Amino acid sequence: MSVSDRRGEKAAHRKRSARAGRNAEMDCKEFIRLIPNWLDGKLDGKRGAKFLDHMNTCKDCREELHIQFLVREGTARLESGGSFNLDKELSEKVTAYKKKLKRKHTENVIIYWMEAIAGAAIIFILILVFILM
Ligand SMILES: [Zn+2]
């Protein structure tokens, strides 16, 4: 990556950080604050999606997440004496999380349509009753 590319990325990043807070995108401060929650699997729904978005677009925060994961899991693992490949585990964790969010989204879409269809059916029945009476 060239120097000007990096500068462009940094500037874009600053812009993102400045814009965030008005609910649209997550800023670095919030991302870092939420890392422990995410590692505990406590982040869900919209916030989880924003967390992933930020992870995808912000290299600094990816590194921060990486470090926190290593410190946390590494300490636990050293105590239990097992062998480990934490880099791989983190990327697996991210992948699993993406799948989980996607599944949630699909469920919501299905529920939405089922409700819409049920609503349409009720209206249809009401119209039928009205016509037949
Ligand atoms: Zn960031």
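These legends describe close-up views of a predicted model.

Residue numbers start from 1 along each chain as its sequence is written. Local features need pLDDT of at least 70 and side-chain atom pairs count only at pLDDT 80 or more, whereas totals for chains, interfaces and linings use all residues.

**View 1. The chain has five helices and zero strands.** Helices (H or I, at least four residues) and strands (E, at least two) are DSSP runs, numbered from the N terminus. Along the sequence the pattern reads α-α-α-α-α. Of the 133 residues, 9% count as buried. A residue is buried if 20 or more other C-beta atoms lie within 10 Å of its own, exposed if 12 or fewer, and partly exposed in between, with C-beta atoms placed from the backbone. Two residues are in contact if their C-beta atoms, placed from the backbone, lie within 7 Å. Among contacts between residues at least 6 apart in sequence, 51% join residues at least 24 apart.

**View 2. The largest nonpolar core has nine residues.** They are M26, F31, W38, L43, F51, M55, C58, C61 and L65. Helix 2 (28-39), helix 3 (45-57) and helix 4 (59-80) each supply at least two residues of this core. A nonpolar core is a set of buried Ala, Val, Leu, Ile, Met, Phe, Trp, Tyr and Cys residues joined through C-beta atoms within 7 Å. Leaving out residues up to four places away in sequence, W38 touches L43 and F51.

View 3. F31 is buried, because 24 other C-beta atoms lie within 10 Å. Residues up to four places away in sequence aside, F31 touches M26, F51, H54 and C61. F31 and M55 are 24 residues apart in sequence, and their C-alpha atoms are 8.3 Å apart.

View 4. Helix 2 has 12 residues. From first C-alpha to last, helix 2 reaches 16 Å, close to the 16 Å expected at 1.5 Å a residue. The expected span is 1.5 Å times one less than the number of residues.

**View 5. Helix 4 packs with helix 5 (residues 86-132).** Their angle is about 115 degrees, and their axes are 10 Å apart. Axes are lines fitted to C-alpha atoms, for helices over the stretch in contact, and angles run from 0 to 180 degrees between N-to-C directions. Helix 4 contributes H66, F69, L70, E73 and G74 to the contact, and helix 5 contributes L86, E89 and L90.

**View 6. F69 lies in helix 4.** F69 is partly exposed, because 19 other C-beta atoms lie within 10 Å. F69 touches L39, L86 and L90, not counting residues up to four places away in sequence. F69 and L39 are 30 residues apart in sequence but 7.3 Å apart in space, C-alpha to C-alpha.

**View 7. Helix 5 is hardly covered.** The count of buried residues among its 47 residues is zero. At 1.5 Å a residue, helix 5 should span 69 Å; its end C-alpha atoms are 68 Å apart, which agrees. K104 is found in helix 5. K104 is partly exposed, because 14 other C-beta atoms lie within 10 Å. K104 and D44 are 60 residues apart along the chain, with their C-alpha atoms separated by 9.3 Å.
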